[in-house]
Amino acid sequence: MQSIFTWAPLTILLVFVACGLLSVSIGLLALKYFSYQLRRNPTSMPVAAFLGTVATAWALALGFAAADVWSINSDASRSASAERSSLSRLEGMSAEDALNSTELHDAIKAYRVAVTQVEWTRQMNVKPAVEVERALQHMRVALLKLAESKVPYPIVSQLVQDFDELQDARNDRLALGNSSINNYKWYLVLCLTVITTIVLASTHADRPRAGIQAMLIYTFTAVICMWILALHVHPYAGAGRLDASVLKQRVSQEMHYEMMLKDKHLS
């Protein structure tokens, strides 16, 4: 079921519409059965107040799923912000007007490319990419060389801290991408949707036309709610995804040097 949430919005809508039609079909069969049972034994039908019990369970299940979706998307945004911040600090320290570490700068550039093109876009942050691991190792080697040089210890310590924070943010991103979808929660919502339709049929056995309208209105509401929620289930895929461009460099290195020369000229 996980792959469904990575499809196009219209395709996802068609899937939920098909589920809604199936639910209505089951409800119509149930309505026919309960109408027959009502004629045989009128006292065997549940009262209308019983509908609130099952409908509340469905609403709570959908609410819990929605709360998890919004929470995961919020965590994904924070993780991306932390990763971008760590990258910017490391890149700033490796620049020509700072430590002038070409090796560290090239490793950071390779990390950006590997994350945005492979790990994030192609693999949707579900599993780590070898290219990213290789870039991280190059960054470690560059930091070790800086530590062995004449760079002051406080600066090296700050670089190592930024590097550790970068790895932590990446691990959080991969954890969110790998555990963002809980299929059992969606199975619960779908099952309760069908059960609620059956309960609607049972409480409208004496008014079949009203029961059909009630089931259609309820199914339409359920389909729209689940579709909108499904668009945001996976934080790194689908219509509501967080794009990999958040990690891209906002200002190119050439523009950085131009601004630096301009500042020197003005001073």
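Begin by selecting N125, which sits in the loop that runs between α3 and α4. In this predicted model, the backbone of N125 has a phi near 60 degrees, which is a positive value in a residue other than glycine. With the surface displayed, N125 counts as buried because its relative accessible area is 0%, and the cut-off for that class is under 20%.

Now select M124, which belongs to the loop between α3 (102-120) and α4 (130-148). Its phi is near 55 degrees, again a positive value in a residue other than glycine. M124, however, is partly exposed, with a relative accessible area of 25%.

Next, go to helix α2, where D75 is found. The relative accessibility of D75 is 28%, so D75 counts as partly exposed. If you draw a distance from the C-alpha of D75 to the C-alpha of N100, the two are 34 Å apart in space, while 25 residues separate them in sequence.

From there, select helix α7, which covers residues 208-230. The helix has 23 residues, and at 1.5 Å a residue they should span 33 Å; the C-alpha atoms at its ends lie 32 Å apart, which agrees with that expectation. Colour its buried residues, which are G211, A214, M215, Y218, T219, A222, V223, M226, L229 and A230. As you follow them along the helix, bear in mind that an α-helix has 3.6 residues a turn, so residues three or four places apart point the same way.

Finally, colour the model by pLDDT. The protein has a mean pLDDT of 90, and 92% of its residues reach 70 or more. The stretch to select here is residues 251-257, over which the pLDDT is below 50, and which in the model has 7 contacts beyond near neighbours in sequence.

Conventions: Residues numbered from 1 in each chain as written. Predicted model: local features only at pLDDT ≥ 70, side-chain atom pairs only at ≥ 80, totals over all residues. Heavy atoms only, no water. Helix = DSSP H or I, 4+ residues; strand = E, 2+ residues; numbered from the N terminus. Buried < 20%, exposed > 50% of the residue type's maximum accessible area, 1.4 Å probe, protein only. pLDDT = per-residue confidence, 0-100. Contact = heavy atoms within 4.5 Å. Expected span 1.5 Å × (residues − 1).
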